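Here are the sequence and the model.

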Amino acid sequence: MSSNKTSKSMSKSGSEIVKQEDVTLAVLIADSFSIRFAPVTESKPKALLPLVNRPMIEYSLESLLLSGVQKTFVYCVAHADQIRQYLKESKWMRSVSPMSIEVISQSPDDCRSLGDSLRDIDGKSLIRGDFILMSADVVSNVQLIPILEEHREKKKTDKGIVMTHIFKRSFPGHRSRSAEEELVLAINPTNGRILNYQQTTNLKKLSFPLEMFKENSLVDLHYDFVDTHISICSPVVLPLFSDNFDYQTWGDFVRGILINEEILNNTIYCHVLEGSYAAHVSNVPMYDAVSKDIIQRWAFPLVPDLNRSDKTPRHTLSRHNVYKQPGVTLAKESVLERDVAVGEDTKIGERTFVSQSVIGSRCTIGNDVHINNAYIWDDVEIKNKCRIEVALIADGVVLNEGVEIGRGCVIGPGVILAAGIKIPDNTRLMAHPPKRDNDFETSDEEDDKVATTPVSADSVAYVYHRPIEEDSDAESLIDELWGLDIDEDSESDEDDEDEAADDEDEEHEEELDVGDLPEDLNARSFYNEVLESLQRGYEEKIKGDNLVLEINSSKYAYNVTMKEVNMLVIKAMLSLPSVMTKKAATGTNDDWIALRPILQHFLSVLRNYLKNNQSMLDSLEALEEFGVHNPHFVKSICKVLHFLYGEDVLSEDAILEWYANPPNDPSALKTIRKTVEPFITWLEEAEEESSEESD
Amino acid sequence: MEYQAVIMAAGRGSRMTDLTHDRPKCLLPICNRPMIWFSFKMLENAGFEDVIVIIHEQFRNEVAVIPSKYGLNIKLDLSCLPKNEDFGTADSLRLIKDKIKTDVLVISCDLVCDIPLHNLFDLHRTHQSSVTALFSQTSPDVISTAVPGPKTKFKQERDLVGLDLQTPRLVFLVSEADLTSENEEELSIRKSVMKHFPQINVQGNLLDAHLYVIKKWVCDYIAENRSFTMLKGEVLPHLVRKQFIKAPMKKNEIELPNADVSVVSLNTTNRDICSFLVNVEEEERIRNYSVWNDHRGDLRGPYQDHNIRCFAYVAKEGFCLRANSLSNYCELNRQVIKRWSTMFPDEEITLPVSKAQVGTDCLIGETTQLSDKCSIKHSIIGQCCNIGEKVRITNCIIMDNVTIMKETILQGSILMDNSVVEKSCDLKDCIVGHTVHSNCKSTNEVLVDADRLLEI
């Protein structure tokens with residue numbers, strides 16, 4: 001291989017391609033470059049975490065072997081030594097193994113993403129032909145060779161093909177969809193070419209370039225695809241990564257390829273699985289889903305009773321998908337209800353109930369324990385009367401009597417919990433206090449204290465706080481939803497309502513604000529325009545003068561009278577807080593808090609329009625009308641008046657004159673006039689005082 | 001009577017003004033028959049016995065005689081619009097709201113199609129669709145053909161039609177022009193829509209036949225909501241969007257009994273679309289008891305529990321084209337004559353026997369005189385025309401009472417009623433509306449009277 005290093009370019013090594021095509025190659029990335037499983041992965045690589053009592057990497061290697069791959073490069077980053085050690089002792093390294101394995105390791109400092117690892121592989125120039133790229137946390141029973149053939153077939157007609165990515169169809173709401181990796185794919189249904197790829201987890205609206213529809217008269221938009229993290233790559237993929245240092249993830253790569261499609265003429269195709277299984281253990285909820293799929297035999301032949309690894313004995317399968325390894329002791333009246341796998345030499349106590357769970361080897365579980373939807377790894381000791389519901393409990397954990405673990409908890413290795421403790425939902429615990437980075441000394445001391453003290457005096461357990469990554473807070477939130485009953489419908493209800501609101505937005509924007517708009521269509525459009533200008537002006541801190549210009553031009557465009565301008569500008573300003581936050585006024589002090597900076601910002605605009613007595617009266621009239629239609633606003637009216645008076649926008653005379661005239665809407669008498677009464681009396685008194693003084 | 005038919009025949013033909021300044025679009029001839037005849041014929045074939053026709057009042061009499069003139073049995077109920085007033089299709093529907101008793105089939109008079117309508121009705125009936133629209137996949141490619149008259153950049157209007165892959169549901173409908181004009185150059189779809197319809201097939205080359213089957217309650221809604229003027233541009237996209245709205249839970253029942261509010265106020269202010277919905281209880285009950293579902297993949301009920309449902313019937317075969325522009329009009333003439341025997345097997349057309357060379361794909365009015373040695377190819381010639389010696393006509397549409405004198409060459413042109421082309425002219429891709437003097441040579445021009453030009 002060393003001689004090849006000099007001849008990196010594709011043309012020179014043409015003859016070798018032919019040679020290498022005979023050997024089916026795969027690259028297995030044994031790192032997910034994420035901290036989704038923290039704190040469990042702090043001491044153990046993700047690839048070696050047990051999935052239904054077998055290290056995860058076994059499943060992916062098995063998948064590759066089953067589909068006829070002859071040589072696999074295992075690329076390890078974090079805890080590379082452990083993976084190397086594990087593979088060395090496994091059957092894969094024996095000379096009789098039908099698939100040869102080569103381990104490549106790299107230090108985590110030099111390799112922080114999928115992109116880095118592929119660049120590294122390119123630098124080592126190990127690969128010349130098409131290869132299968134897969135992540136070590138993938139469980140699949142897909143026959144990859146036919147897809148590889150398909151890829152090569154497409155290459156004959158489309159020279160630019162760089163990748164065939166494999167997707168699985170699964171509809172929204174299915175458990176095998178990872179909430180973190182939601183995606184929308186636009187493909188050309190006739191040839192399966194990927195036209196657009198978007199990650200949609202945090203999006204409400206999806207946008208597709210019109211160009212795409214112009215160029216392709218048929219486009220299928222798919223929201224029902226799940227990324228399997230398996231792709232068939234042409235050898236050009238590696239140099240493409242090397243050339244573009246900003247490609248970090250698969251998503252970056254696809255987007256980059258699609259953007260530069262016209263220049264480089266590279267294309268990506270998709271393959272949609274029919275009838276076979278593939279899933280990617282991307283986070284804890286997915287770990288849960290994939291474990292269940294394995295137990296319920298969707299991933300056949302990757303099932304616990306056909307375990308080919310020689311280190312761990314096979315499970316025996318009994319009814320209701322209950323799997324037991326040899327040496328399991330079940331005390332009387334204990335129940336393994338359904339979908340349960342129990343590891344070697346594990347003892348389960350009396351009247352203990354286990355359902356939909358995996359229990360590792362050499363565990364001791366006491367009496368009257370309730371375990372549901374939990375993943376318990378090796379050497380765990382659970383004392384009597386514990387309750388575990390939807391949790392992941394790592395190696396060597398000890399739960400003393402009566403511990404209750406809330407939903408969605410992850411208990412790191414070696415944690416010891418004292419008797420009777422209740423762990424709240426979605427907690428992640430670890431056995432040692434969190435390491436502090438010296439860079440972040442600025443954090444609150446109180447915070448530090450909480451983090452560095454154990455959960456209780458007798459326990460060895462510290463709460464793990466996930467470092468807050470930029471722009472990923474929403475993602476981690478989704479991740480933490482594990483085990484909580486996410487009512488899919490309620491979520492979509494919300495969406496629907498939003499949508500309904502949005503719809504209204506589009507059509508009758510004015511309805512959202514106030515019902516007091518003029519019938520006149522022009523004035524309405526004018527109002528909307530002003531509202532938009534103001535919103536933008538406020539958000540972008542545009543100068544008042546420029547806004548005045550803008551509003552004036554709208555005034556001419558819609559031919560509205562000056563009186564209308566005065567009134568509508570005021571109304572628009574008052575409704576701005578509710579428009580911007582999409583929330584109606586609450587009737588509390590918050591309204592004023594939201595409104596005040598807005599008015600402050602627009603003072604110059606107001607001064608421009610409210611120059612004489614008549615215009616001030618108009619604006620007061622508008623204020624009143626607004627109050628009539630927004631009962632919640634009434635409470636703030638006094639404050640608005642006071643503020644505008646204080647800023648000399650409204651003169652005393654105008655306010656008093658307005659107050660002296662009867663309101664247009666009689667209902668205002670009771671509400672608005674009453675609320676402003678104290679202010680008016682204060683004004684009058686002040687006037688008297690000043691006149692007295694002048695006397 | 002399950003369906004009523006309405007023909008919208010008050011269109012002015014604004015995209016072919018050169019032909020429509022003195023007559024309505026619906027009376028322009030296609031293969032020597034007025035355009036609206038094709039609508040009548042289609043409806044009669046589909047089993048309709050009467051039809052409501054919306055027409056400007058000045059053309060009332062002309063349209064009224066068409067069925068008897070061509071031996072059709074269909075009864076016309078003519079609803080007239082005042083002269084010189086433009087009504088949108090939704091406006092027109094509002095005008096005749098009192099005549100609408102059931103679900104309505106709305107067609108535009110410029111549609112010529114031989115797609116069997118019963119499939120569309122079946123779809124509408126089975127799914128209790130709010131609106132069912134007809135789209136055609138097989139529209140002939142029109143863009144390539146030369147167009148008579150001044151050269152303009154002709155842009156075929158394209159819609160982006162989003163269809164659910166599992167059901168014939170219409171998920172979105174936007175015209176490309178709308179998207180482009182907003183300078184966004186992108187199509188946006190809500191994620192919640194994709195949650196309901198995770199597989200959307202977006203088609204850009206479908207022809208919207210402007211043929212809709214509309215539920216009665218939708219007509220009421222249109223009648224009530226005066227802001228709608230067009231069906232295609234406004235009502236349909238609106239309904240398609242409203243599909244995803246959750247109906248308020250039995251709001252009517254709660255509100256009405258204890259309502260001190262007068263009924264008038266309920267009717268005048270914008271009533272919510274859901275209040276128009278007429279739910280047939282029986283059907284709902286059947287749906288609740290049945291295990292039938294129109295889609296799979298989630299746990300939602302049939303039709304995603306939507307009460308407003310828009311469906312699209314995409315015809316994979318059959319002919320369908322609208323004469324809504326000059327190029328389409330020419331193309332229609334050419335296509336229809338080619339397909340005449342399959343489209344209208346019961347309407348015989350005979351070619352006159354004469355000494356002239358008449359190629360295939362030609363239609364010549366019975367009372368037209370052809371002189372010796374003239375050759376006619378791919379053309380349609382109306383009644384009472386007089387064609388001189390050695391005249392060569394290719395790819396032309398010649399209406400009634402036209403005189404063409406000897407040795408003239410006509411190519412790809414339209415000659416309107418009563419026009420005269422004197423001898424030895426050579427016209428290519430022209431529109432002729434008056435007398436063209438001898439030895440005139442023109443291409444791509446509109447040759448009409450000067451005073452008419454002034455009008456325009």
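Predicted model: local features only at pLDDT ≥ 70, side-chain atom pairs only at ≥ 80, totals over all residues.

Residues are numbered from 1 along each chain as its sequence is written, chains are lettered from A and ligands numbered from 1 in the order in which they are written, and side-chain values use heavy atoms, leaving out hydrogens and water.

Me: What is the area buried between chain A and chain B?
Reply: Contact is taken as heavy atoms within 4.5 Å. On that rule, 40 residues of chain A touch 38 residues of chain B. Buried area is the accessible area (1.4 Å probe) that two parts lose on being put together, summed over both. Carbon and sulfur atoms give 49% of a total of about 3600 Å².

Me: Which residues form the salt bridge across the interface of chain A and chain B?
Reply: A salt bridge requires a side-chain nitrogen of Lys or Arg within 4 Å of a carboxyl oxygen of Asp or Glu. The rule finds 1 across this interface. Its closest N and O atoms are 3.2 Å apart, and the partners are A:E182 and B:K191.

Me: Which element gives the most to the side of chain A that touches chain B?
Reply: Helices (H or I, at least four residues) and strands (E, at least two) are DSSP runs, numbered from the N terminus. Those giving two or more residues to this side are β9, α6, β10 and α13 of chain A. With 13 residues, the largest contributor is α13(A).

Me: Which strand of chain B is joined to β10(A)?
Reply: Strands pair if DSSP finds at least two bridges between them. Here there are 5 bridges, and the strands run antiparallel. A:L218 stands opposite B:Q203, and the partner of β10(A) is β12(B), residues 199-203.

Me: Why is α4(A) largely enclosed, and how many of its residues are buried?
Reply: Buried means under 20% relative accessible area, exposed over 50%, and partly exposed in between (1.4 Å probe, protein chains only). The cover over the buried residues includes β1, β2, β4, α7 and α8 of chain A. Helix α4(A) is largely enclosed by the rest of the structure because the buried residues number 9 of the 11.

Me: Which strands stand at the edges of the open sheet in chain B?
Reply: The sheet has 6 strands with parallel pairing, in the order β17-β20-β23-β26-β29-β32. Within it, 2 bridges join β20(B) to β23(B). The edge strands each have a single partner, so one side of each lacks a neighbour in the sheet: β17(B) and β32(B).
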